[in-house]
Amino acid sequence: MRSRYNRRGYRENVVDNQHMKLNDLKEEARHLGNQYLRKENIPPYPHPEFHVSHVKHDTDEAGLWGIRGDGGFKNPGRGCLLWWSLVVGPDEIRSAEKRLLETTYPDRTEEQAQRQQSFLEEFATSPALKKTSRLGSYRFTFPLEELLTAYSQQFCQGAPPVMRVLETVLYKQEVVYVVVVHSPANQEEFSDCPLLTDDDPNAVCTYKDGCFIWRAEAMCGTHDYELVQIPELKRMEAEPVWFNPQYYVWDNVAVALHVDNEVPSLLVLLKFDPIRLRENLKFCRAEKPGMINGVTFEDFPQAEENVKGLWPDYLAPLEEGE
């Protein structure tokens, strides 16, 4: 494990070329003294499998102006990676809950299935599963296939892009599993990174049929509920933790598109039609205003004014993200 600082000044502890599960990460990071990762008194919680077909890119006002002016996305620093996150909304949570129940109790009767109450949403409290933003008031959301098609056309000469396991990044409470997407022409540059599989049932993240499959290691921001299984009824429940709810680490998957250029002075963009950019743009409320260095958040009227000024001919009103 090595340490580095990102462009926002936050320390990152990195394990290269692996998506390291929490039990292994605890051992790898034992010298760090991370008080959250080392906790052992965490109540039982579910480990669902999310199937994700959309990705998001959050930004602030300066980023919004840059994306509109440039006609696409670029790394705001000097790096060669464009960062996106998975979109896990109510539909993905419901389907993951159904999948978890069917896997755990494959022989449920129809009556038992009907008696099952929704429970997974009680555990979906980490920032990765909320509709709020930590990086700005503007969220671009794209179907994954559309993003990969644009990347293929602009950076891979129409060939399918290659996906690999780049790294595991540990912050104070967040664990990020990074997938790098690159052109087949850059195979040598990423040869140390294992290919992202489509059939490993133990992998934290895989890719299959236009979806990322994310097997969440830690999905709770605060552990206010305990997972209770009732085998005789083939049922799962979320039971409130009435005393001393625990904070733990939570995980997330980031998708990094490699957009390196042989001529450093040239602007490297992942381009989209301006109308398509506006169609995929929504307002996003701040999770905790001011918690990220250098990020400002607008209220909805100000965001509306900013967006209208940048897309004056687009008549549909700005919507708030789900």
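This is a predicted model: local features need pLDDT of at least 70, side-chain atom pairs count only at pLDDT 80 or more; totals for chains, interfaces and linings use all residues.
## Sheets, helices and a few buried residues

At the start of helix 7, a side-chain oxygen of D299 comes to within 3.0 Å of the backbone nitrogen of Q302.

Spanning residues 300–310, helix 7 has F300, A303, N306, V307 and L310 as its buried residues. These sit on the same side of helix 7, because they cover an arc of only 125 degrees around the axis. P301, E305 and G309, on the other side of helix 7, are exposed. The cover over the buried residues of helix 7 includes helix 2 (61–70), strand 7 (138–143), helix 6 (274–279) and strand 18 (281–283).

Helix 3 takes in residues 90–104, 15 residues in total, and reaches 21 Å from its first C-alpha to its last, close to the 21 Å expected at 1.5 Å a residue. Within helix 3, the residues E92, I93, A96, E97, L100 and L101 are buried. Seen down the axis, the buried residues of helix 3 fall within an arc of 165 degrees, so they line one face of the helix. As for partners, the buried residues of helix 3 pack against strand 3 and strand 14 (235–240).

An open sheet of 9 strands runs in the order 1-2-8-9-16-6-4-7-18, and its pairing is mixed. Its edge strands are strand 1 (2–5) and strand 18, each of which pairs on one side only. On average, and with direction ignored, neighbouring strands of this sheet are turned by 35 degrees against each other. Helix 5 (residues 144–155) lies across strand 4, strand 6 (81–86), strand 7, strand 8, strand 9 and strand 16 (250–258), and runs at about 85 degrees to strand 7.

There is also an open sheet of 3 strands, with the order 3-11-10 and antiparallel pairing. Here strand 3 and strand 10 (205–208) are the edge strands, each pairing on one side only. The neighbouring strands of this sheet are turned by 20 degrees against each other on average, direction ignored.

| Strand pair | Bridges | A bridge pair |
|---|---|---|
| Strand 3 and strand 11 (residues 211–215) | 4 bridges | H51 and I213 |
| Strand 4 (residues 54–59) and strand 7 | 6 bridges | V55 and F142 |
| Strand 7 and strand 18 | 3 bridges | R139 and K282 |
| Strand 8 (residues 162–170) and strand 9 | 8 bridges | V169 and V176 |

N13 lies in strand 2 (residues 11–16). Is N13 buried or exposed? With a relative accessibility of 9%, N13 counts as buried, because the cut-off for that is under 20%. The side chains of N13 and S3 are joined by a polar contact of 2.8 Å. Beyond its neighbours within four places in sequence, N13 is in contact with M1, R2, S3, L32, T168, V169 and L170.

N34, by contrast in setting, is found in the loop between helix 1 (22–28) and strand 3 (49–52). N34 has a relative accessibility of 12% and therefore counts as buried too. The side chain of N34 reaches the backbone nitrogen of Y36 at 2.9 Å. Not counting residues up to four places away in sequence, N34 touches L170, Y171 and K172.

V204 is buried, with a relative accessible area of 3%. Which residues does V204 contact, leaving aside its neighbours within four places in sequence? They are H19, K21, Y177, I213, W214, R215 and E217. With R215, V204 makes a pair 11 residues apart in sequence and 5.0 Å apart in space, C-alpha to C-alpha.

Conventions
Residues are numbered from 1 along each chain as its sequence is written. Side-chain values use heavy atoms; hydrogens and water are left out. Helices (H or I, at least four residues) and strands (E, at least two) are DSSP runs, numbered from the N terminus. Buried means under 20% relative accessible area, exposed over 50%, partly exposed in between (1.4 Å probe, protein chains only). A polar contact is a pair of N or O atoms within 3.5 Å; within protein, one must be able to donate a hydrogen and the other to accept it, and residues adjacent in sequence count only if both atoms are side-chain atoms. Contact means heavy atoms within 4.5 Å. The arc is that of the directions from the helix axis to the C-beta atoms. Two strands pair if DSSP finds at least two bridges between them. Axes are lines fitted to C-alpha atoms, for helices over the stretch in contact, and angles run from 0 to 180 degrees between N-to-C directions. The expected span of a helix is 1.5 Å times one less than its number of residues.
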